[in-house]
Amino acid sequence: MSGLLAGWLGHQPRRTRRSGGCCALALSVAALAQGVPAATQPQPVPCAGTWPVFRGNVRNTGVASESLPERPAVRWRRDLGAGISATAAIADGRVFIGDEDGRLTALALADGRVLWQVPGAESVEAPVAVHDGVVFWADTGGTVRAGDAASGSLRWTTPTGGRVMGGPLPVGGLVLVGSYDGHLYALRPADGTAAWKYDAGERVHGTPGVEGEFVLVAACDAHLHVVRLADGTLVRRVALGSVSGSAAAVVGDRVVLGTYGQQVVAVDWRRGEVLWRFEDKERGHPFLSSAAVVGASVVIGGQDRCLRALNMDDGRERWRFATRGKIDSSPVVVLPGPGREPGATSWPVHSAAATQPGGPAGNREDRMPAGRVFFGSADGRVYGVDLRTGTEVWRFEVGGVVTASPAVAEGCLVLGTAEGVVYCWGEARN
């Protein structure tokens with residue numbers, strides 16, 4: 001099974017491949033230049049008004065740091081003319097997004113104007129990252145790049161030995177990125193040279209998560225790898241039972257991953273033990289989406305066309321929401337903003353597409369915060385569902401397959417489609 005996911009991904013049509021994951025931010029390039037040891041540098045919390053990397057933070061939890069309007073309206077749309085499977089990054093009023101013609105584009109968050117573009121020869125399907133005025137991106141040819149976020153001027157390029165599908169992850173004075181050459185790279189953000197390179201033994205598709213001084217990443221050898229951030233030395237490997245291309249969603253001692261073996265797996269990464277496995281034996285399909293984790297719940301999409309909420313403690317299903325297409329888009333959780341009742345759902349519910357499994361595990365709403373979950377589907381729609389109940393509260397027809405994941409910042413939700421259109425939803429304009 002170790003080569004199955006990699007081979008499957010490598011032979012998909014360009015407009016249906018899924019991006020891998022990328023996570024959050026770190027200290028400035030200047031800190032590295034001053035020789036601060038990577039392992040001792042604090043790990044940042046993303047600032048309000050930014051979505052700097054794939055899942056919003058270094059732990060890949062997929063939770064937005066700010067809210068959205070109750071009923072998001074289209075603020076603008078921009079047709080880039082090439083398929084988009086990469087997830088955008090947002091910072092300093094700019095949207096950074098790659099496309100399958102190999103370009104990186106910066107758009108104005110306010111109105112969608114093209115600010116600059118950097119051409120490329122290979123498709124950019126990995127999520128983009130931005131930190132401290134520098135944007136990082138990678139392509140399917142295996143090249144990682146860094147450029148000036150304001151102008152797009154190139155700072156450096158670093159080749160790897162294989163396709164890159166997981167976005168670069170700036171953290172701890174390094175930029176982490178996995179490659180299909182079987183390695184996890186730690187690059188110096190000042191010049192792109194390698195501080196260390198970890199041999200995972202098989203292709204690395206998903207985005208690593210970081211907890212303290214440790215990096216957690218799944219590879220196509222069907223294992224979770226735990227390595228030290230400071231030098232890339234192996235701490236332990238944990239068998240997952242199947243290949244995983246998901247970003248490692250980390251909460252304390254636990255990490256959650258979807259697998260190509262039709263399971264969602266929770267691991268105690270410090271002890272090296274699998275805590276639980278979720279599998280729908282009636283509807284079994286791969287989970288290529290990356291999980292969002294909030295409170296005591298895990299939310300993840302599956303290729304069986306369903307979005308699910310699972311209990312973090314035991315993996316039991318809380319609710320299930322059905323769409324008409326595969327869900328490879330990774331969900332983002334948006335919690336109520338200031339002024340909203342923190343203990344109740346304030347958004348209207350318009351349908352009951354979710355099914356409730358019932359039982360004690362399905363009724364623990366006291367541990368489930370109010371909020372909404374946004375994600376795209378291959379059925380050509382972007383959905384918003386209630387976090388507590390899984391019922392639909394909002395939808396929008398984009399008319400094309402969506403495998404990219406949402407980015408949320410400054411009261412806006414940004415998402416690209418396989419048809420090459422970037423949408424921005426937020427407050428309706430007067």
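How many disulfides does the structure hold? In this predicted model, the structure holds zero disulfides.

## Cysteines

Cys424 takes part in no disulfide, and the nearest cysteine sulfur, which belongs to Cys412, lies 3.7 Å away.

Strand β8, which covers residues 143–148, is mostly covered, with six of its six residues buried. Thr143, Arg145 and Gly147 point one way from the strand, while Val144, Ala146 and Asp148 point the other way.

On one pairing, strand β7 (residues 134–138) runs antiparallel to β8 and is joined to it by five bridges, and the bridge partner of Ala138 is Val144 in β8. These two strands form a hairpin with four residues between them, and Gly142 in the turn has a positive phi of about 95°. On the other pairing, β8 is joined by five bridges to strand β9 (residues 154–159), again antiparallel, and Ala146 stands opposite Trp156 in β9. The hairpin of β8 and β9 has five residues between the strands, with Gly152 in the turn at a positive phi of about 85°.

## Cavities

A search of the whole structure finds two cavities of 30 Å³ or more, and the second largest cavity has a volume of about 40 Å³. Its lining includes Trp137, Asp139 and Arg145, together with Gly102, Val118 and Glu122 among others. The lining residues of this second largest cavity divide into four nonpolar, two polar and three charged.

Technical notes:
Residues are numbered from 1 along each chain as its sequence is written. This is a predicted model: local features need pLDDT of at least 70, side-chain atom pairs count only at pLDDT 80 or more; totals for chains, interfaces and linings use all residues. Side-chain values use heavy atoms; hydrogens and water are left out. A disulfide is a pair of cysteine sulfur atoms within 2.5 Å. On a 1 Å grid over the protein atoms alone, a cavity is a set of points where a 1.4 Å probe fits but cannot get out, and a pocket is an open set with protein on both sides within 12 Å along at least five of seven lines; lining residues have an atom within 4 Å of a point. Grid points are joined across faces, edges and corners, and a volume is the space filled by probe spheres set on the points. Ala, Val, Leu, Ile, Met, Phe, Trp, Tyr, Cys and Pro count as nonpolar, Asp, Glu, Lys and Arg as charged, and the others, Gly among them, as polar. Buried means under 20% relative accessible area, exposed over 50%, partly exposed in between (1.4 Å probe, protein chains only). Two strands pair if DSSP finds at least two bridges between them.
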